[in-house]
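Student: Here is a model to go through. Can we test each label against its definition?

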Amino acid sequence: MSLSPFHLAIPVYDVALARTFYNDVFGLEEGRSSDHWVDFNFFGHQLVIHEHPKTPGQESAHTNPVDGHNVPVPHFGVILEWDEWEALAERLKERDTDFIIEPYIRFKGEVGEQATMFLLDPCGNALEFKAFQDKSQIFAK
């Protein structure tokens, strides 16, 4: 399956703070920008942070139970290769990241087994990063 890059624009109430976070924490390459928005190469996809007043979802995230954890809704992220996920998890731990859900293996031994972790950007947007040992199980039931 060939994937096309997605474009996702998210609200941030402090562009400078969010810009530093996405640059420094993830090491993302910056694209076009203005005083009110910044494009990032988000693992081959286009992520744009847009200045916007704080939203209710950024004040306090709603959660749904998944595999014994409270998963924030909404959230976004990317599915990485297993070794990329491990390297990112290590990078985030070295930076003393405050995880919503610490890196772990979800659905261990079941269909859809995956590595996952959740964190917030400094403006309260929830992110999930995951990896599958068997990518054919991404949509498996």
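Tutor: Start with the elements: helices (H or I, at least four residues) and strands (E, at least two) are DSSP runs, numbered from the N terminus. This is a predicted model, in which local features need pLDDT of at least 70, side-chain atom pairs count only at pLDDT 80 or more, and totals for chains, interfaces and linings use all residues. Residues are numbered from 1 along each chain as its sequence is written, and side-chain values use heavy atoms, without hydrogens or water.

Student: Where does P74 lie?

Tutor: In the loop between β6 (69-73) and β7. The peptide bond leading from V73 into P74 is cis, with omega near 0 degrees.

Student: F76 lies in strand β7. Why does F76 count as buried?

Tutor: Buried means under 20% relative accessible area, exposed over 50%, and partly exposed in between (1.4 Å probe, protein chains only). F76 has 12% relative accessibility, so F76 counts as buried.

Student: What is F76 in contact with, leaving aside its neighbours within four places in sequence?

Tutor: Contact means heavy atoms within 4.5 Å. F76 meets L8, I10, Y22, F42, L47, N125, A126, L127 and E128. Take L8: 68 residues separate L8 and F76 along the chain, yet their C-alpha atoms are 9.1 Å apart.

Student: N125 is among those partners. What makes N125 buried?

Tutor: Its relative accessible area is 9%, so N125 is buried. N125 sits in the loop between β9 and β10. Beyond four places in sequence, N125 contacts I10, P11, V12, Q58, F76, L119 and L120.

Student: Which backbone oxygen does the side chain of N125 reach?

Tutor: That of P11, at 2.9 Å. A polar contact is a pair of N or O atoms within 3.5 Å; within protein, one must be able to donate a hydrogen and the other to accept it, and residues adjacent in sequence count only if both atoms are side-chain atoms.

Student: Q114 lies in strand β9 (residues 114-120). Is Q114 buried or exposed, and how do you know?

Tutor: Q114 is at 5% relative accessibility, so Q114 counts as buried. A polar atom of the Q114 side chain lies 2.9 Å from the backbone oxygen of G112. Among the partners of Q114 beyond four places in sequence are W82, Y104, R106, F107 and F132.

Student: Where does F107 lie, in turn?

Tutor: In the loop between β8 (99-106) and β9. F107 has a relative accessible area of 24%, so F107 is partly exposed.

Student: Why does F43 count as partly exposed?

Tutor: F43 is at 32% relative accessibility, so F43 counts as partly exposed. F43 is in the loop between β3 (37-42) and β4 (45-51). Phi of F43 is positive, about 55 degrees, although F43 is not a glycine.

Student: What relative accessible area does K141 have, and is K141 buried or exposed?

Tutor: The figure is 94%, so K141 is exposed. K141 lies in the segment after β10. From K141 to S60 is 81 residues in sequence and 31 Å in space, C-alpha to C-alpha.

Student: What volume does the largest pocket have?

Tutor: About 500 Å³. Of its 14 lining residues, L3, V78, I79, I138 and F139 are closest to the centre. β7 (76-80) and β10 (126-131) each give two or more residues to this lining, and β7 gives the most, with three.

Student: What makes something a pocket?

Tutor: On a 1 Å grid over the protein atoms alone, a pocket is an open set of points where a 1.4 Å probe fits, with protein on both sides within 12 Å along at least five of seven lines; lining residues have an atom within 4 Å of a point. Its volume is the space filled by probe spheres set on the points, which are joined across faces, edges and corners.

Student: How many residues line the second largest pocket?

Tutor: There are 13, with P74, H75, G124, N125 and A126 nearest its centre. β1 (7-12) and α2 (56-59) are the elements that give two or more residues to that lining. The space in this pocket is about 170 Å³.
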